[in-house]
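Please consult the sequence and the structure shown below while reading.

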Amino acid sequence: MEFWEIFSIIGTISFAIQGGLIAMENKYDLFAVYLFGIITAFGGGALRHVFIGELNYDLWNQGLLFMIAVISITLIIIFPHFILRSKKLWVNILDAIGIISFAIQGSISALSLGLPVSAVVVAAMLTATGGGVFRDVLSQRKPVLLSENIYGLWIFLVGIIIGMRWVTSTLQLFIVFVVFTVLRLLSYFYDWKIPYRQY
């Protein structure tokens, strides 16, 4: 298993569960629960492939990740009570883990193609948020990417750090993962916001 696949697995589990939970929150049927979980988990990677032209990306040959996603969604359908007691908290925890995992995975993918920093940042943003945007549009929710809490900034910074090659080792990537996951959670718990201007 290549190193970046670890982040793919972490992100897939987190986003599959999160997508399923949002479908259950909206009282959709079981088909929709699986659909939302799959779209949330795989939509970002598919979108990244379209924009940066990954030659080695094959959505339909990711059998292991699809199986992991289906198992994750099935578990929350069978055992929903543990998570649903604190659903909003769990959704945000899963979201934080998912977006940073996929931001790192997308950045590494773009970097492996020899693309410039700008493309690495775009790959991070698309991978981390693409599936969530598809999910939010389908469920008629305001996209989380445009929410008031700091969200996209953490993904942008992950792309910059990896794109500039400021981290080069496995340990450093895990440190980036932990630090930015914690920052995303803190921005939720303490309601951190980026200043905006009204006119």
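Is alanine 123 buried or exposed? Alanine 123 counts as buried, because its relative accessibility is 0%, and the cut-off for burial is under 20%.

## Model and confidence

The structure is a predicted model. The mean pLDDT of the chain is 84, with 86% of the residues reaching 70 or more. Confidence is highest in helix H7 (residues 152–163), at a mean of 94, and lowest in helix H4 (residues 81–84), where the mean is 68.

## Overall fold

The secondary structure consists of eight helices and zero strands, and the order along the sequence is α-α-α-α-α-α-α-α. Of the 199 residues in the chain, 48% are buried.

## Surroundings of alanine 123

Alanine 123 belongs to helix H6 (residues 117–138). Not counting residues up to four places away in sequence, alanine 123 touches Arg48, Ile52, Gly106 and Ala110. Its C-alpha atom is separated by 10.0 Å from that of isoleucine 155, a residue 32 positions away along the chain.

In soluble globular proteins, nonpolar side chains tend to be buried together. In this model, the largest nonpolar core comprises 38 residues, and Ile100, Ile104 and Val158 have the most contacts inside it. Two or more residues of this core come from each of helix H1 (3–25), helix H2 (30–52), H3, helix H5 (87–112), H6, H7 and helix H8 (170–189). H5 supplies the largest share, namely eight residues.

Which residues are in contact with isoleucine 100, leaving aside its neighbours within four places in sequence? They are Trp154, Val158, Val176, Phe177, Phe180 and Thr181.

## Salt bridges

How many salt bridges does the count come to? The count comes to three. One of them joins arginine 184 to aspartate 95, with 3.8 Å between the closest N and O atoms. This pair links distant parts of the chain, since arginine 184 lies in helix H8 and aspartate 95 in helix H5, 89 residues apart. Arginine 184 is buried, with a relative accessible area of 3%, and aspartate 95 is also buried, with a value of 3%.

Arginine 135 forms a salt bridge with aspartate 136, the closest N and O atoms lying 2.9 Å apart. Arginine 135 counts as buried because its relative accessibility is 2%; aspartate 136 is buried with a relative accessible area of 1%. A further salt bridge connects lysine 193 and aspartate 191, where the closest N and O atoms are 2.5 Å apart. Lysine 193 counts as partly exposed at 35% relative accessibility, and aspartate 191 counts as partly exposed at 43%.

## Surface

The chain exposes about 10,500 Å², of which carbon and sulfur atoms supply 69%. A nonpolar surface patch of about 530 Å² is formed by Met67, Ile71, Leu75, Ile78 and Phe79. Isoleucine 78, one of the patch residues, is located in helix H3 (residues 63–78).

Key:
Residues numbered from 1 in each chain as written. Predicted model: local features only at pLDDT ≥ 70, side-chain atom pairs only at ≥ 80, totals over all residues. Heavy atoms only, no water. Patch = residues over 30% accessible without salt bridge, like charges linked within 9 Å, V, L, I, M, F, W, Y side chains within 5 Å. Areas by Shrake-Rupley, 256 points an atom, 1.4 Å probe, with all protein chains shown as cover. Salt bridge = Lys/Arg side-chain N within 4 Å of Asp/Glu carboxyl O. Helix = DSSP H or I, 4+ residues; strand = E, 2+ residues; numbered from the N terminus. pLDDT = per-residue confidence, 0-100. Buried < 20%, exposed > 50% of the residue type's maximum accessible area, 1.4 Å probe, protein only. Contact = heavy atoms within 4.5 Å. Core = buried A, V, L, I, M, F, W, Y, C linked by side-chain atoms within 4.5 Å.
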